[in-house]
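This report describes a protein model in terms of its fold, its nonpolar core, its aromatic pairs and a few selected residues. The sequence and coordinates are shown first.

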Amino acid sequence: AESPDGLTLTGAGWASATGLGIGPGDFAGQRPPHCRACLDWSVRRSHLGGRLGRAFLTAIEARSWAARIKGTRVMRFTAAGERAFDLAFPPVAGR
């Protein structure tokens, strides 16, 4: 959701983040915005950037859902990681 300070998570977004051990308190005392829409030049799609994006990436890597392909910036999800991600972040109808 957009706020006067930039992008932020909705209540449902924070609920999902909390399931990964990420909470609003993790960003206490830090200036907004906590996240940014970041256009990936190679695939021309936006992804979550900024401190919140890094927190999600750290949580995903810590759970071994995905890992970097050596020598690149590319992340590859494991089959188990894809299933776990889909359970943690079910698709929203109409999007």
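Where is the place of Arg-54? Arg-54 is found in helix 2. With a relative accessibility of 51%, Arg-54 counts as exposed, where exposed means over 50% relative accessible area, buried under 20% and partly exposed in between (1.4 Å probe, protein chains only). The C-alpha atoms of Arg-54 and Leu-20 are 13 Å apart, and the two residues are separated by 34 residues along the chain.

**Basis of the values**

The model is predicted: local features need pLDDT of at least 70, side-chain atom pairs count only at pLDDT 80 or more, and totals for chains, interfaces and linings use all residues. Residues are numbered from 1 along each chain as its sequence is written, and side-chain values use heavy atoms, with hydrogens and water left out.

**Overall architecture**

The protein contains three helices and six strands; helices (H or I, at least four residues) and strands (E, at least two) are DSSP runs, numbered from the N terminus. In sequence order the elements form the pattern β-β-α-β-β-α-β-β-α. The C-alpha trace spans about 35 × 30 × 30 Å along its principal axes.

Of the 95 residues, 20% count as buried. The accessible surface amounts to about 7,000 Å², and carbon and sulfur atoms hold 56% of that surface; the areas come from the Shrake-Rupley method with a 1.4 Å probe. Among contacts with a separation of 6 or more, 35% are made by residues 24 or more positions apart, a contact being heavy atoms within 4.5 Å.

The protein carries 13 positive and 7 negative side chains, and the centres of the two sets are 6 Å apart. Lys and Arg count as positive and Asp and Glu as negative, while His and the chain ends are not counted. Each charge is placed at NZ of Lys, CZ of Arg, CG of Asp or CD of Glu.

**The nonpolar core**

In soluble globular proteins, nonpolar side chains tend to be buried together. Here the largest nonpolar core has 13 residues, and those with the most contacts inside it include Leu-9, Trp-14, Leu-52 and Phe-56. Such a core is a set of buried Ala, Val, Leu, Ile, Met, Phe, Trp, Tyr and Cys residues joined through side-chain atoms within 4.5 Å. Helix 1 (11-19) and helix 2 (50-62) each supply at least two residues of this core. Helix 2 gives the most, with four residues.

Two members can be followed through their contacts. When residues up to four places away in sequence are not counted, Phe-56 touches Leu-9, Ala-17, Leu-20, Ile-22, Leu-48 and Phe-89. Ala-17 lies in helix 1 and is buried at 0% relative accessibility. With sequence neighbours up to four places away again left out, Ala-17 touches Leu-9, Ile-22 and Phe-56.

**Aromatic pairs**

A pair of aromatic rings is described by the distance of the centres and the angle of the planes. A search of the whole structure finds five aromatic pairs. The rings of Trp-14 and Phe-27 have centres 6.1 Å apart and planes at 55 degrees, so this pair is tilted. Rings of Phe, Tyr and Trp (its six-membered ring) pair if their centres lie within 6.5 Å; planes under 30 degrees apart count as stacked, over 60 as edge-to-face and the rest as tilted. The pair links distant parts of the chain, with Trp-14 in helix 1 and Phe-27, 13 residues away, in the loop between helix 1 and strand 3 (36-40). Both Trp-14 and Phe-27 are buried. Ring pairs also join Phe-56, Trp-65, Phe-77, Phe-85 and Phe-89 into a cluster.

**Loop residues and C-alpha separations**

Pro-4 is located in the loop between strand 1 (2-3) and strand 2 (6-7), and at a relative accessible area of 88% Pro-4 is exposed. Pro-32 belongs to the loop between helix 1 and strand 3 and is partly exposed at 42% relative accessibility. Ser-64 is in the loop between helix 2 and strand 5 (66-68). Phi of Ser-64 is near 60 degrees, a positive value in a residue other than glycine. Ser-64 counts as exposed, at 53% relative accessibility.

| Residue pair | Separation along the chain | C-alpha separation |
|---|---|---|
| Pro-4 and Phe-56 | 52 residues | 23 Å |
| Pro-32 and Leu-7 | 25 residues | 8.4 Å |
| Ala-17 and Lys-70 | 53 residues | 27 Å |
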